[in-house]
Amino acid sequence: QVQLVESGGGLVQAGGSLRLSCAASGSIFRINAMGWYRQAPGKQRELVAIITSSGTTTYADSVKGRFTISRDNAKNAVYLQMNSLKPEDTAVYYCYAFANFAYWGQGTQVTVSS
């Protein structure tokens, strides 16, 4: 079992920045990829960014050049630096970890006002 706890969401004006953090605990030695997904009202959950244990990253086209994912393996944590935020980035952001099974955090709300 892996437990994930997110922090760092909030309300920000368009063009602003936020940094999300996610701390993992439990069977952390099994974790391979970690990352972030988001779900806006009335929409499906979508990939934002993923980072593997070796540091390989994947980003959604909509966030490339604005968001940066990073990982601290020593702290079992993953971060998402979000810059130049847009109203369409408004969503609940979920931390994700894959350890022979997909694990999810409880979600943190990000709201970008225009």
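Is Asp61 buried or exposed? With a relative accessible area of 65%, Asp61 is exposed. Keep that residue in mind as you go through the close-ups below, which show a predicted model.

**View 1. Asp61 and Lys64 meet through their side chains in a salt bridge.** The N to O distance here is 3.1 Å. This pair is one of four salt bridges that a search of the whole structure finds. As background, side chains of opposite charge can pair when their charged atoms come close.

**View 2. Asp89 forms a salt bridge with Arg38.** Their side chains come together at 3.0 Å, N to O. Asp89 sits in the loop between β8 and β9, while Arg38 belongs to strand β4, so this pair ties together parts that are 51 residues apart in sequence. How accessible are the two partners? Asp89 is buried, with a relative accessible area of 1%, and Arg38 also counts as buried, at 6%.

**View 3. Asp89 also forms a salt bridge with Arg66.** The side chains meet at 2.8 Å, N to O. Arg66 is found in the loop between β6 (57-59) and β7, and Asp89 in the loop between β8 and β9, so the contact ties together parts that are 23 residues apart in sequence. Both Arg66 and Asp89 are buried.

**View 4. Strand β4 pairs with β5 and with β9.** Strands β4 (residues 34-39) and β5 (residues 46-51) run antiparallel and are joined by five bridges. To find your place, look for Gly35, whose bridge partner in β5 is Ile50. Six residues lie between the strands of this hairpin, and Gly42 takes a positive phi near 75° there. Strand β9 (residues 91-98) is also antiparallel to β4, with six bridges joining the two. A handy landmark for this pairing is Tyr37, which stands opposite Tyr94 in β9.

**View 5. The largest nonpolar core holds 30 residues.** Leu4, Trp36, Leu80, Met82 and Tyr93 have the most contacts inside this core. Two or more residues come from each of β1 (2-7), β3 (18-26), β4, β5, β7 (67-72), β8 (77-82), β9 and β11 (108-113).

**View 6. Leu4 and its contacts.** Leaving aside neighbours within four places in sequence, Leu4 is in contact with several residues, including Cys22, Met34, Cys95, Tyr103 and Trp104. Also among the contacts of Leu4 are Ala23, Ala24, Tyr96 and Ala97, together with Gly105 and Gln106.

Technical notes. Residues numbered from 1 in each chain as written. Predicted model: local features only at pLDDT ≥ 70, side-chain atom pairs only at ≥ 80, totals over all residues. Heavy atoms only, no water. Pairing = 2+ DSSP bridges. Helix = DSSP H or I, 4+ residues; strand = E, 2+ residues; numbered from the N terminus. Core = buried A, V, L, I, M, F, W, Y, C linked by side-chain atoms within 4.5 Å. Buried < 20%, exposed > 50% of the residue type's maximum accessible area, 1.4 Å probe, protein only. Contact = heavy atoms within 4.5 Å.
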